[in-house]
Amino acid sequence: MKSPFTQVRSYERSVQLLMVNQFTINLGFYMLMPYLAAHLSGTLGLAGWLVGLILGVRNFSQQGMFLVGGTLADRLGYKPLIIAGCVLRTVGFAALGLVDSLPALLAASAATGLAGALFNPAVRAYLAADAGERRVEAFALFNIFYQAGILLGPLVGMVLTGIDFRVTCLVAAAVFALLSVVQIRALPPRRGDHAKDGRDTGRESVLSQWRAVVANRPFLLFSVAMIGSYVLSFQVYLALPLEVRRLGGEGESGTVAVALLFAVSGLSTILGQTKVTAWCKARMEPGRALTWGLFSMGVAFAPLLLATAVPVPDGDVGRWLLAAVPPALSALLLALGTMIAYPFEMDTIVRLSGNRLVATHYGLYNTICGVGITLGNLLTGAALDAARAAGMSALPWLALLALGLACAVALYGLHRTGRLAAVPAPDAQPASA
């Protein structure tokens, strides 16, 4: 089988550039964001609720504006929104390192979130358009670059933050500034096929476009069913590290165990994504692949569930193994489930959109899943607290396992009833050559 980099070279230049761009975007983002809370509370001495507010504003501005970003990308073209997002994040990251007043920090945080809302739907719609019939394979490769940025970013950030957090902010801003220049010079202009005749941008209002997207019932059902995949995959950053710290402690051994989680998750994706996608595509329909992906993500919490029946060892080595091994197995199974589902998930959104207003569909999809992640994390946190208070350590893992299985059943039902098949665009006209 060809290596991922050989496969990347088989795509046209724009697709190659978008993949490298996504790696760079995640590199810049993750070299800064994991250390922002410590900077706000430590260096600037802000109260915990203010730190939460600043971080929350970033998340809210991104999730709340995804639909707007996707709509603008469909109306104005993908390239301007990608550039605007990169420029805005350049400004936001630089400001986070240079300002210390609350209003300025809130504005900078909001800018970084809005930037993501501008370029994320545009990047995915652009990739889907230029990859054509090879969308599934393209999104598999895209996920490799995506995960590589997540894996490398915190390591670079750790080194830079060891010097000074402001250095981290300025380097991250420089990464996005360089990325902005590259987009301006090298990324070809691109619009969705639906807009080639000017019909959508000329006569159709934004509200009528939004009504058309919201009226797409199969797309909405699919979006709701996929919320569970994002809630489950996010536990690599929430429930799994908390469980590692609970058993392994806050010392160096606990830090090593947490680092193992992220290494297992990122490296398994980088090494296995294209192989998993090729195997699934050769043997099953997209709906079945999505079902198995969600099933795997639900089953990922079985090792943690089984570990609750094991007495906590007294020795340091045994305790560390119990703290590290079950969460690492869960992280591996979550990564496998994501590898199975993600390329088919991105492709399904394009098919359900009827290849019309693709970025708008991606934007609404991100917003729906983002709201689901927020609610899911609140409930997961509550389940973790309740489990500790009641001495029922199995409760959160049982709930997460049940969520994965329920979403798998929902996706299987959508697949069996034909709701995941391509939806023809209303009044669609053939794209010009």
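Modeller: Here is the chain, and we can go through it topic by topic.

Colleague: What should I know about the numbering and the cut-offs first?
Modeller: This is a predicted model: local features need pLDDT of at least 70, side-chain atom pairs count only at pLDDT 80 or more, and totals for chains, interfaces and linings use all residues. Residues are numbered from 1 along each chain as its sequence is written, and side-chain values use heavy atoms, with hydrogens and water left out.

Colleague: Fine. How many helices and strands are in the chain?
Modeller: There are 17 helices and zero strands.

Colleague: What percentage of the residues is buried?
Modeller: Buried residues make up 52% of the 433. Buried means under 20% relative accessible area, exposed over 50%, and partly exposed in between (1.4 Å probe, protein chains only).

Colleague: What about contacts between residues 24 or more positions apart?
Modeller: They account for 85% of the contacts with a separation of 6 or more, where contact means heavy atoms within 4.5 Å.

Colleague: Switching to charges: how many positive and negative side chains are there?
Modeller: The chain has 31 positive and 21 negative ones, and the centres of the two sets lie 6 Å apart. Lys and Arg count as positive, Asp and Glu as negative, while His and the chain ends are not counted. Each charge is placed at NZ of Lys, CZ of Arg, CG of Asp or CD of Glu.

Colleague: How many salt bridges does that rule give?
Modeller: The count comes to four, a salt bridge being a side-chain nitrogen of Lys or Arg within 4 Å of a carboxyl oxygen of Asp or Glu.

Colleague: Which residue does Arg190 pair with?
Modeller: Asp130, with the closest N and O atoms 2.5 Å apart. Arg190 sits in the loop between helix 7 (165-186) and helix 8 (199-203) and Asp130 in helix 5 (residues 102-131), so the pair ties together parts 60 residues apart in sequence. Arg190 counts as buried at 17% relative accessibility, and Asp130 counts as buried at 14%.

Colleague: Which residues make up the salt-bridge network?
Modeller: Arg135, Asp347 and Arg351. Asp347 meets Arg135 at 2.7 Å, N to O. That pair links distant parts of the chain, with Asp347 in helix 15 (residues 316-352) and Arg135 in helix 6 (residues 135-163), 212 residues apart. Asp347 also bridges to Arg351, at 3.0 Å between the closest N and O atoms. Arg351 and Asp347 both lie in helix 15, four residues apart, about one turn of the helix.

Colleague: Is Asp347 buried or exposed?
Modeller: Buried, at 7% relative accessibility. Arg135 counts as buried at 15%, and Arg351 is buried too.

Colleague: Last one: where is Ala387?
Modeller: Ala387 is in helix 16 (residues 358-390) and counts as buried at 5% relative accessibility. Leaving aside neighbours within four places in sequence, Ala387 is in contact with Met392, Ser393, Leu395 and Pro396.

Methods
Helix = DSSP H or I, 4+ residues; strand = E, 2+ residues; numbered from the N terminus.
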